[in-house]
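Trainee: I would like a close look at one part of this protein. Please take me through it step by step.

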Amino acid sequence: MTTVAAYAAPAPKAPLERTTIERREVGEYDVLIDIKYAGICHSDIHTGREEWGTALFPLVPGHEIAGVVAEVGPGVTRFAVGDHVGVGCMVDSCRECDNCKAGLEQHCTGSLGMVGTYNARGRDGEPTYGGYAQKIVVDENYVLRIPDGLSLDVAAPLLCAGITTYSPLRSAGVGPGKKVAVLGMGGLGHMAVKIAHAMGAEVTVLSQSLRKKNDGLKLGADHYYATSDQKTFDRLAGSFDVILSTVSVALDFDDYLSLLKTGGVLMNVGAPEHPVSVNLFSLIMGNKKLAGSLIGGIAETQEMLDFCAEHGLGAEIELIRADQVNEAWDRVVASDVRYRFVIDAATI
Ligand code: NAP
Ligand code: ZN
Ligand code: ZN
């Protein structure tokens, strides 16, 4: 066991504080990673504030991890000391079920299930602790390679915000000739804008206000509208092939379904605390689809990292010290983030 410093919430809704945790010994197939940067995802906050139900405390959040390999177990073949690597939302799964074999480890149906990077128990029965820490030990099969072209600070958020938007954009067939709207331009949303633009689509941002319009256009959006303005809904009715919702609160989905073309799809990745209700006529009229998407599998996460490196896409980040994490969480909840807070792990 190795003792490492970390930031943890001791109890639901309590502020995070500096503490120490134990990491397991480096096993045969394990990689010890010196964490350099950890992104702050809104899911960290939903979990820490128990908006999704009971969580395991103390809670060390963080599933957008970028760092450098410090040690490898004797059976490790894919990584060597000094490699730039990342860890996303999961650190293990059963590896035997149909979903694991199909590269959908996030939907593992085996008895182990997807083991979250934090707020879960690993196969040893011990709680997992996430990336707001100095080091982490992870089985090599759940470690990603960060390509040379991406610096670690802007790569960290790709491990969740990047894959969570890349995967549904890909599965919805986004590319040249497609009109895509990104709903909410926070951590996930701003990566969706960059990725959809790089895929060749015509991209529209639907944000609460026009405050971030210049940024949105610079990130690759072709159009930008405020959802607080009712005229937006009249003007854009029936416009989009795909809408990707990244909003962290419950919205009126009927309003957004009205913006889809016939046969269009609203892909939702936002995970608000409260349910939404949908008038089924919003789907029936126009053969529209409402779909969900959970992060992405390991192989697809590597594909996303390679795609981002090829297109020069990193996150827009605000680098913070670890002792600013509580303030950063409040700013994320207030939609005051441009566009991802990243903890400099050297300050832990
Ligand atoms: P974030 O940075 O807080 O972005 C959320 C955006 O939603 C905000 O920037 C804001 O965009 C919009 N929003 C917030 N409050 C709103 C309100 N009251 N009305 C309308 N729009 C509002 O959060 P994130 O880290 O991108 O995560 C977004 C959501 O996705 C969270 O619920 C998170 O848990 C979830 N998530 C899901 C997955 C998955 O696998 N499905 C993975 C990661 C995260 P504007 O300011 O532009 O309006
Ligand atoms: Zn996340
Ligand atoms: Zn499985």
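Which polar backbone atom is 2.7 Å from an oxygen atom of ligand 1, that is, to which residue does it belong?

Mentor: The backbone atom belongs to Met185. It is a polar atom, and an oxygen of ligand 1 sits 2.7 Å from it. Keep in mind that this is a predicted model. Every distance here is computed from it.

His42 brings an N or O atom of its side chain to 2.7 Å from an oxygen of ligand 1. Arg340 places a polar side-chain atom 2.6 Å from a ligand oxygen. Taken alone, ligand 1 exposes 920 Å², and the protein buries 90% of that.

Now widen the view to the whole shell. There are 30 residues around ligand 1. The closest are His42, Met185, Ser207, Lys212 and Arg340. By class, the shell holds 14 nonpolar, 14 polar and 2 charged residues.

Where do these residues come from? Look at domains, then at helices. Domain 1 (2-160 + 296-347) and domain 2 (162-292) each give at least three residues to the shell. Among the helices, α1 and α5 (187-198) each supply at least two. The largest share, 3 residues, comes from α1.

Next, take the metal. The zinc ion is ligand 2, and its protein donors are Cys41 through SG, His63 through NE2 and Cys160 through SG. These donors lie 2.0 to 2.2 Å from the zinc. Along the sequence, the donor residues follow the spacing C-x21-H-x96-C. His63 and Cys160 are 97 residues apart, so the pair links distant parts of the chain. His63 sits in the loop between α1 (42-48) and β4 (65-72). Cys160 sits in the loop between α3 (152-155) and α4 (161-171).

His63 has 8%, so it is buried. Cys160 has 4%, so it counts as buried too.

Pro58 lies in it. A cis peptide bond joins Phe57 to Pro58, with omega at about -5°.

Arg338 and Tyr339 are joined by a cis peptide bond, with omega at about -10°. Ser335 lies in that loop as well. Ser335 is not a glycine, yet its phi is positive, about 55°. At 28% relative accessibility, Ser335 is partly exposed. Recall Arg340 too, whose side chain has a polar atom 2.6 Å from an oxygen of ligand 1.

Arg95 also has a positive phi, about 70°, without being a glycine. Find Arg95 in the loop between β6 (90-92) and α2 (98-101). Its relative accessible area is 33%, so Arg95 is partly exposed.

Finish with Asp229. This residue lies in the loop between β12 (223-226) and α7 (230-235). The Asp229 side chain reaches the backbone nitrogen of Lys231 at 3.0 Å. Asp229 and Gln208 are 21 residues apart in sequence, and their C-alpha atoms are 8.5 Å apart in space. With 29% relative accessibility, Asp229 counts as partly exposed.

How values were computed
Residues numbered from 1 in each chain as written. Chains lettered and ligands numbered in written order. Predicted model: local features only at pLDDT ≥ 70, side-chain atom pairs only at ≥ 80, totals over all residues. Heavy atoms only, no water. Donors = N, O, S within 2.8 Å, 3.2 Å for Na, K, Ca; no water. Helix = DSSP H or I, 4+ residues; strand = E, 2+ residues; numbered from the N terminus. Buried < 20%, exposed > 50% of the residue type's maximum accessible area, 1.4 Å probe, protein only. Near = heavy atom within 4 Å. Polar contact = N/O pair within 3.5 Å; in protein donor to acceptor, adjacent residues only side chain to side chain. Areas by Shrake-Rupley, 256 points an atom, 1.4 Å probe, with all protein chains shown as cover. Nonpolar A, V, L, I, M, F, W, Y, C, P; charged D, E, K, R; others polar. Domains from an automatic or database assignment.
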